[in-house]
Amino acid sequence: MNPIYLDYAATTPVDPQVAEKMAACLTMDGNFANPASRSHRYGWMAEEAVESARRQVAELIHADVREVVWTSGATEANNLAIKGVAQQHKEKGNHIITSSIEHKAVLDCCAYLEQQGFEVTYLKPQTNGCISIDDLTAAIKPETILVSLMYVNNELGSVNPVSEIAKVCKANDILFHVDGAQALGKIAVDVEAIGVDLLSMSAHKFYGPKGMGALFVKRGVKIAAQIHGGGHERGMRSGTLATHQIVGMGEASKLALVSIQQEEVRLSALKTLLLNQLMSLDGVTVNGDDSGVANILNVSFADVDGESLLLSLPTLAVSSGSACNSATMAPSYVLMAIGLQDELAHASIRLSLGRYTTEEEIQKAVESISTAVHRLRGMAA
Ligand SMILES: *Cc1c(COP(=O)(O)O)cnc(C)c1O
């Protein structure tokens with residue numbers, strides 16, 4: 001039997017309806033042409049599909065259709081946003097503010113920019129995984145050009161106060177970039193209401209294809225291109241548009257928009273069930289915020305050997321609090337940043353629920369975890 005999939009925050013399967021739309025954009029009898037071909041009907045049809053998908057993505061985040069730039073995923077969108085702002089606005093200042101629990105796609109961009117002479121402040125999150133507005137305000141300098149903070153943390157599910165952060169940025173004339181990869185399809189995202197300047201998206205986190213994403217770029221915000229050639233996407237991101245991928249992201253956005261509320265209610269109930277049952281084991285702590293997203297639960301088990309924990313859960317597909325950085329097992333930098341000790345960070349798992357998660361799966365997961373934890377504690381004693 002296959003393990004129970006509880007790793008939806010790592011990736012989601014493609015929705016069958018999405019896959020069907022994508023398949024119709026590949027072969028000779030489908031919508032296969034280059035959307036940039038202006039001289040024939042095939043090209044026009046492909047362009048129409050791309051622009052229709054752009055509208056669908058724009059609707060999901062309440063943006064204008066001209067504010068969506070296609071990328072190969074959130075990693076590229078983060079690169080384009082952060083390096084793009086840094087290069088474009090370096091005359092104005094060289095200081096960037098982010099946090100220590102961002103995705104590597106943000107942290108590694110910032111590390112690269114530090115080598116290029118930029119100065120980066122890494123805010124330490126509060127124990128609930130959220131950034132404090134006071135800490136942010138205190139970090140601002142006259143040279144600050146960009147604040148980059150994630151909407152929802154991928155390990156904890158904690159939700160940053162993005163609207164308040166946006167107000168602080170605006171008052172100080174600083175651009176605000178949000179990594180929205182874990183928010184889309186989980187909570188209602190409204191770029192206009194928040195007041196964000198740039199927002200990164202990834203299709204495969206909400207039942208679209210891998211290798212596809214987008215960057216919201218608010219009208220009037222200037223960023224330097226990172227990929228040159230051909231001037232696609234109004235010069236911000238060159239390269240032949242991947243019609244099938246784009247159509248897939250568009251369809252996934254359409255489906256997400258109509259299902260968010262209902263899914264949030266359903267997954268909240270499942271998460272509460274999961275949490276309540278796990279809490280009946282002693283020594284269980286929740287990492288992050290009670291008010292986090294409905295689909296992510298990160299828990300630690302006291303008096304359990306972390307390395308043995310995952311090995312004891314072969315029936316579950318979950319993520320651990322240890323990152324296999326090359327050969328070594330390092331405790332998660334996110335869990336360390338919110339104050340966990342090495343040992344407890346190792347003995348943590350992230351369970352992330354999704355579209356196909358059932359109550360029966362949750363019950364089975366609880367049974368597996370309870371058995372494993374009891375057994376490992378028995379061995380430790
Ligand atoms: C998955 C993820 C990314 C990377 O997205 P890709 O499309 O896989 O490149 C970036 N940030 C966060 C928060 C993520 O969860």
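## Salt bridges, a covered strand and a ligand site

D64 forms a salt bridge with R66, with 2.9 Å between the closest N and O atoms. The model is a predicted one. D64 is partly exposed, at a relative accessible area of 26%. R66 is also partly exposed, with a value of 44%. Side chains of opposite charge can pair when their charged atoms come close.

### Salt bridges across the chain

A search of the whole structure finds 13 salt bridges.

| Pair | N to O distance | Relative accessible area |
|---|---|---|
| D64 and R66 | 2.9 Å | D64 26%, R66 44% |
| D173 and K92 | 3.7 Å | D173 54%, K92 45% |
| D197 and K218 | 3.5 Å | D197 9%, K218 30% |

Take D173 and K92. Their side chains meet in a salt bridge, 3.7 Å from N to O. The pair links distant parts of the chain, 81 residues apart. D173 lies in the loop between helix 6 (162-171) and strand 6 (175-179). K92 lies in the loop between helix 3 and strand 3 (95-99). D173 counts as exposed because its relative accessibility, 54%, is over the 50% cut-off. K92, at 45%, is partly exposed.

Now D197 and K218. Their side chains meet in a salt bridge at 3.5 Å, N to O. This pair, too, links distant parts of the chain, 21 residues apart. D197 sits in the loop between helix 7 (191-194) and strand 7. K218 sits in the loop between strand 8 and helix 8 (243-279). D197 has a relative accessibility of 9%, so it counts as buried, the cut-off being under 20%. K218 is partly exposed, with a relative accessible area of 30%.

Salt bridges also join into a network, which links E51, R54 and E233. E233 is found in the loop between strand 8 and helix 8. E233 is buried, at 9% relative accessible area.

Is strand 8 mostly covered or mostly open? Strand 8 (residues 213-217) is mostly covered, with five of its five residues buried. Both of its faces are covered. G213, L215 and V217 are buried on one side. A214 and F216 are buried on the other.

Strand 8 pairs with strand 2 (residues 68-71) in the antiparallel sense, over four bridges. In this pairing, W70 stands opposite A214. Strand 8 also pairs with strand 7 (residues 198-202), again in the antiparallel sense, over five bridges. Here S202 stands opposite G213.

### The ligand site

S202 returns at the ligand. The ligand is surrounded by 13 residues, and the closest are T75, D179, Q182, S202 and K205. By class, the shell has three nonpolar, eight polar and two charged residues. Helix 3 (residues 74-88) gives the largest share of this shell, with three residues.

H204 has a side-chain N or O atom 2.8 Å from a ligand oxygen atom. K205 has a side-chain N or O atom 2.7 Å from an oxygen atom of the ligand. Taken alone, the ligand exposes 380 Å², and the protein buries 88% of that.

### Backbone and loops

Most residues other than glycine have a negative phi, and most peptide bonds are trans. H62 is not a glycine, yet it has a positive phi of about 60 degrees. H62 lies in the loop between helix 2 (41-61) and strand 2. H62 counts as partly exposed, at 43% relative accessibility. E233, from the salt-bridge network, also has a positive phi, of about 55 degrees, although it is not a glycine.

One more loop residue is T358. T358 has its place between strand 15 (348-352) and helix 12 (359-380). T358 is partly exposed, with a relative accessible area of 35%. T358 and R266 are 92 residues apart in sequence. In space they are 9.6 Å apart, C-alpha to C-alpha.

Notes. Residues numbered from 1 in each chain as written. Predicted model: local features only at pLDDT ≥ 70, side-chain atom pairs only at ≥ 80, totals over all residues. Heavy atoms only, no water. Near = heavy atom within 4 Å. Polar contact = N/O pair within 3.5 Å; in protein donor to acceptor, adjacent residues only side chain to side chain. Areas by Shrake-Rupley, 256 points an atom, 1.4 Å probe, with all protein chains shown as cover. Helix = DSSP H or I, 4+ residues; strand = E, 2+ residues; numbered from the N terminus. Nonpolar A, V, L, I, M, F, W, Y, C, P; charged D, E, K, R; others polar. Buried < 20%, exposed > 50% of the residue type's maximum accessible area, 1.4 Å probe, protein only. Pairing = 2+ DSSP bridges. Salt bridge = Lys/Arg side-chain N within 4 Å of Asp/Glu carboxyl O.
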